[in-house]
Amino acid sequence: MSSSSAHSVSILELYPEHLEASGERGNVTALRARLERAGHRVDVVQHTIGRRLPKDSDIVVIGNGPVSAVRSVYADLMENAAALRSLADDGVPFFAVGAGAELLGGGITLTDGTALTGVGIFPFSARRGVPRQVGYIVVESAHGTVVGFEDNASEWNLDSGAVPLGVVTSGGGNGNGREGVIAGSSIATQTKGPVLPLNPSLSDAVIRAALERRDVAYAPSTAHAELDRLAAKSREVIVANVKSVFTTI
Amino acid sequence: MRYIAPVIVGRAVRAVTRARGGGSALPGYIVNKMAPGFIKNVVAQFEYGIVFVLGSNGKSTTTHMLTEVLRGHGLTVFTNPSGANLPQGISSALLSEVGVTGKLKADIGILEVDEAFALELSKTLLPSTILMLNVQVDQLYRFFETEVVADMMLDTAAVATQHVISNRDDAYLSKIGEILSKKGAVVPDVTYFGAAPKLVADSAHGLFNAANHREEASTAPIDALAELESWDSTGARIRVGGALADIALPAKGLHYGIDAAAALATAAQVLGTEFDLAKASAAFSSMTPAYGRGELLDFGNEKVEFVMFKNAASLQLNLDALPAAPEQVMVAIDEGTPDVSWLYDIDFAQLDHVDVLTGAKAWQFALRLEHEGIPVGTIEPDLKKAIELMRALPAPATGHKTWVVNYEQMMLARKIIGYGDMEVSF
């Protein structure tokens, strides 16, 4: 591993105008803050419809959006599907939430029965139109307890042998006691909040995967302490209030 | 005469629930059950009909502005207290105004209505005029998708029997003219309000209206009957038809200026030839802020300015309207704002620090600010204690402290400092 000298880290943010409806910009903010506090430079490239995808990236991030937004980005995404798959094949970690994750999976069956084929990076398919799950969610994962807010009417069916991100201890998740799915170092999740600021261990897992690929060591330091303290306090309150009932009228 | 019993029973229930400090929905519910035709019958008495005010943000403020402008023209106005915009809250508000025989002496009803109930309520209340303010990302945990909210408003607008007033600068609501003309509808007529393009371009975060991913933007320019030309700390300049008016604003900000334009456009349509811009301007001069929207309340020898937010748009636009970074700031946010993911969409450049952060979601708010490097003095989840911490701070040079609060914390904070007498519909 190289020393802890400064490196430039590139984050590719897919369709921020369409697929960041649940504050997923915050996932980019969290990755950026932790990388910068570790002394690295961060370069965020936003990919919007019609633009050329950069040849290389260290991390790819995508978020959630309404069905209309999914339809809007779909053609552009399909044009770039091979390039995205090749990034994933090269070991670039993807962090994907909600509808964006579904687009990067096997496919989405919409409520009207139509099906959209996905990019195929994550081993699952989504079915829309199940009863909506709204509220706090707590998941036990290999990265520790993951907390956040869920709001979806989508069931995730994992391919045979696929590994979920974790086991739901409170909330709905994929709809079968599991939450999310992983593919190598890439993570797909239904959890919002946004999830990365609230879960530093998850952010660090993404960052570590990205930097290890470039042979760069990463460890949070005292510069991360306040972020971690506030996240821990936020998580405590979320776990304590996990049964809060929200009006969905 | 058939309403005497239900009205008396409803009033008795209202007296009891008020004495207990509870919400105001129950009495309306009881009257609805006892006499289903009650509301329909009462509102049929309004000479100028009923106006629905719909929108993601600004309903209370605009309802208040429109009410005062029409009162300034000599009309007797029935309106619902701010925030009481669900069906039972509206019934309860009617109940408090009618005589026991079901007579209500008002010329017009101006009602802010929750989007989700607007279409249902329109079947009973038969609104003559519908004012649509904006579609902004709001309560996704409740509405799921923003375009659902847009359709709730657009579908309701189509049933107005006389006028629709809509926002020219809103990607969804600006379509209402096309939608109605495609249907070949003769009524309602459609009028727009808006903000001058330069004003929107110069705003740090634009109007914060929701993006429309399902339709192309209109290419044909749309005329606005009332257009906000400029605003500052003293008020707003609004063009209505060919005339310019400089009006006082009860609360400062681009969005309040646009609400005023919306109220003026609506008043002009409802009153027709009776509309008098001078009378309207005079009404603005004596207007107090709507509940929690830029209100200055006494706090010992000092004042507190309440800046309320419910969602990303209202927080961003209110922050943008601050003339400078506030000297002493408390932020209060609790579980009344269930999903705070959108905090990461907010630009907090207007705050250089926060003195006290409170409420169950204080830690989540602090975490957001830490990502921007904005220092926070004390995090005290208990609102009462937080208020005491604010009280203990030295007197601010500006003479007032700024409290940025979500709706639920605003209600509690007002009560704690002695401004608690207010009905809400929850």
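Biologist: In what kind of crossing does H6(B) pass H8(B), left-handed or right-handed?

Modeller: Please note that this is a predicted model. In it, H6(B) passes H8(B) in a left-handed crossing.

Biologist: Which residues make the contact?

Modeller: From H6(B), Glu115(B), Ala116(B), Ala118(B), Leu119(B) and Ser122(B) take part. H8(B) contributes Val149(B), Met152(B), Met153(B), Asp155(B) and Thr156(B). Sorted by class, the contact has 6 nonpolar, 2 polar and 2 charged residues.

Biologist: And at what angle do the axes of these helices cross?

Modeller: The axes of H6(B), residues 115–125, and H8(B), residues 146–157, cross at roughly 25° and come within 8 Å. Angles under 35 degrees count as roughly parallel, and H6(B) and H8(B) are therefore roughly parallel to each other.

Biologist: Turning to chain A, which residues of helix H3 are buried?

Modeller: In H3(A), residues 81–89, the buried ones are Leu84(A), Leu87(A) and Ala88(A). They fall within an arc of 100° when seen down the helix axis, so they line one face of H3(A).

Biologist: What do the buried residues of H3(A) pack against?

Modeller: They pack against strands E3, E4 and E12 of chain A. The face turned away from that buried side carries the exposed residues Ala82(A), Ser86(A) and Asp89(A).

Biologist: Is Asn167(B) buried or exposed?

Modeller: Asn167(B), found in strand E5 of chain B, counts as buried because it has 29 C-beta neighbours inside 10 Å.

Technical notes: Residues are numbered from 1 along each chain as its sequence is written. Chains are lettered from A and ligands numbered from 1 in the order in which they are written. This is a predicted model: local features need pLDDT of at least 70, side-chain atom pairs count only at pLDDT 80 or more; totals for chains, interfaces and linings use all residues. A residue is buried if 20 or more other C-beta atoms lie within 10 Å of its own, exposed if 12 or fewer, and partly exposed in between; C-beta atoms are placed from the backbone. Helices (H or I, at least four residues) and strands (E, at least two) are DSSP runs, numbered from the N terminus. The arc is that of the directions from the helix axis to the C-beta atoms. Two residues are in contact if their C-beta atoms, placed from the backbone, lie within 7 Å. Axes are lines fitted to C-alpha atoms, for helices over the stretch in contact, and angles run from 0 to 180 degrees between N-to-C directions. Angles under 35 degrees count as roughly parallel, over 145 as roughly antiparallel, 65 to 115 as roughly perpendicular and the rest as oblique. A crossing is left-handed if the near helix is turned anticlockwise from the far one by less than a right angle, and right-handed if clockwise. Ala, Val, Leu, Ile, Met, Phe, Trp, Tyr, Cys and Pro count as nonpolar, Asp, Glu, Lys and Arg as charged, and the others, Gly among them, as polar.
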